Amino acid sequence: MSENTNSEVRSLPRIGSKAPQFEAVTTQGTIRLSDYEGSWLVLFSHPADFTPVCTTEFIAFQQIYPELRKLNTELLGLSVDSVSSHISWIRNVKEKFGVKLEFPIIADLNKDVAQLYGMIMPDESTTETSRAVFVIDDKQVIRAIIYYPLTTGRNMDEILRLVKALQTTDENGVATPANWREGDKVLLPTPPNIEVAEERLNDENLECTDWYFCKKQL
Amino acid sequence: MACFTDSGHLSESAKKLLQSIEKDFLSAQEISQKTGLPLFKIRSSLRELEDMELVIKEDNRYKMASKALEYLH
């Protein structure tokens with residue numbers, strides 16, 4: 001059985017490719033991916049409603065949602081559960097944890113979206129989606145993908161940092177170093193030719209350790 | 001049917017949307033700015049309201065149809 005199941009698994013959409021379009025039933029009505037054109041989107045899956053790790057994650061996603069919206073970024077959750085299950089869980093989270101989940105959640109009972117985005121890891125579970133995160137930009141291009149197993153909750157600071165880093169790259173044509181935080185110096189991409197490399201070394205506005213390693217403050 | 005409640009009344013967000021285009025044709029983006037509702041929600045609701053013939057669409061701009069008045073007031 002696993003052989004058959006595995007042969008049906010689709011590959012992940014790749015960074016830089018157009019995000020696969022879908023129309024899905026959610027807790028806030030029928031939504032198409034194209035409805036998000038013009039804003040960034042964090043599309044994420046979770047294994048199942050009414051499970052402990054997912055509950056902590058949803059509360060944490062809600063906590064970063066206002067900050068994401070300031071970055072013109074929306075949140076859209078997904079699991080292989082019904083709308084009724086999602087509604088019941090949202091109400092339970094409000095009642096037991098005092099947190100109102102304000103973003104929509106896809107009820108992907110037939111796994112259409114999960115399979116389109118390669119969110120199911122059949123060797124881990126054939127019925128639950130793993131903890132996938134797709135950062136999709138305002139032109140509907142996939143910009144980053146994060147995968148976590150069923151057992152491990154995601155880090156919301158990293159998701160927020162990632163969106164900020166990607167937007168900073170787009171706005172300024174720069175790259176961001178390891179552990180970059182908003183306000184830190186950014187990196188210039190590798191020079192395309194020797195002339196640019198030498199120009200950079202003589203640029204007083206740059207902090208160059210060597211021709212290929214130049215930082216600047218935005 | 002996110003725009004309607006079980007009792008057949010317009011949801012609060014759908015009311016807000018329709019009120020914003022009661023007089024003028026606006027784009028989805030302008031409606032989003034005017035109502036404060038997220039753009040994805042506006043687009044999704046407009047699709048539903050258009051199917052119900054409660055909004056008129058011209059050149060990607062929307063205006064409330066007179067038929068919507070009975071739901072609005």
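How many helices and strands are there in chain A? Six helices and ten strands, where helices (H or I, at least four residues) and strands (E, at least two) are DSSP runs numbered from the N terminus.

This is a predicted model, in which local features need pLDDT of at least 70 and side-chain atom pairs count only at pLDDT 80 or more, while totals for chains, interfaces and linings use all residues. Residues are numbered from 1 along each chain as its sequence is written, and chains are lettered from A and ligands numbered from 1 in the order in which they are written.

**View 1. Chain A and its two domains.** Chain A splits into domain 1 (2-154) and domain 2 (173-216), with bounds that come from an automatic or database domain assignment. Taken over C-alpha atoms, the centres of domain 1 and domain 2 of chain A are 36 Å apart. Along the principal axes, the C-alpha atoms of chain A fill a box of roughly 65 × 45 × 30 Å. Chain A has 218 residues, and 28% of them count as buried; that takes 20 or more other C-beta atoms within 10 Å of a residue's own, whereas exposed takes 12 or fewer and partly exposed is in between, with C-beta atoms placed from the backbone. Take the contacts in chain A between residues at least 6 apart in sequence: 64% of them join residues at least 24 apart. A contact here is a pair of residues whose C-beta atoms, placed from the backbone, lie within 7 Å.

**View 2. Confidence along chain A.** The mean pLDDT of chain A is 93, with 95% of its residues at 70 or more; pLDDT is the predictor's confidence in each residue, from 0 to 100. Residues 1-7 of chain A have pLDDT below 50, and beyond near neighbours in sequence this stretch has four contacts in the model.

**View 3. The largest nonpolar core.** A nonpolar core is a set of buried Ala, Val, Leu, Ile, Met, Phe, Trp, Tyr and Cys residues joined through C-beta atoms within 7 Å. The largest one holds 37 residues, and Val42(A), Leu43(A), Leu78(A), Phe134(A) and Ile136(A) touch the most other members. Elements giving two or more residues to this core include strand 3 (40-45), helix 2 (52-70), strand 4 (73-79) and helix 5 (156-172) of chain A. Strand 3 of chain A supplies the largest share, five residues. Leaving out residues up to four places away in sequence, Leu78(A) touches a list of residues including Leu43(A), Phe44(A), Ile105(A), Val113(A) and Thr129(A).

View 4. Now for helix 1 (residues 12-20) of chain B, where Ala14(B), Leu17(B), Leu18(B) and Ser20(B) are buried. These residues sit on the same side of helix 1 of chain B because they cover an arc of only 160 degrees around the axis, the arc being that of the directions from the helix axis to the C-beta atoms. They pack against helix 2 (28-35), helix 3 (39-51), strand 2 (61-64) and helix 4 (69-72) of chain B. Over in helix 2 of chain B, Ala28(B), Ile31(B) and Ser32(B) are buried. Their arc is 100 degrees seen down the axis, so the buried residues line one face of helix 2 of chain B. Cover for them includes helix 1, helix 3 and strand 2 of chain B. After helix 2 of chain B comes Gly36(B), with a positive phi near 80 degrees.

**View 5. Where the chains touch.** Nine residues of chain A are in contact with eight residues of chain B. On the chain A side, strand 2 (residues 29-32) of chain A gives the most, three residues.

**View 6. Two loops with positive phi.** Most residues other than glycine have a negative phi. Lys111(A), in the loop between strand 5 and helix 4 of chain A, has a positive phi near 65 degrees. Lys111(A) is partly exposed, with 15 other C-beta atoms within 10 Å. Glu53(B), in the loop between helix 3 and strand 1 (55-58) of chain B, is not a glycine but has a positive phi of about 60 degrees. Glu53(B) counts as exposed because it has 10 C-beta neighbours inside 10 Å.

Definitions and conventions: Two residues are in contact if their C-beta atoms, placed from the backbone, lie within 7 Å.
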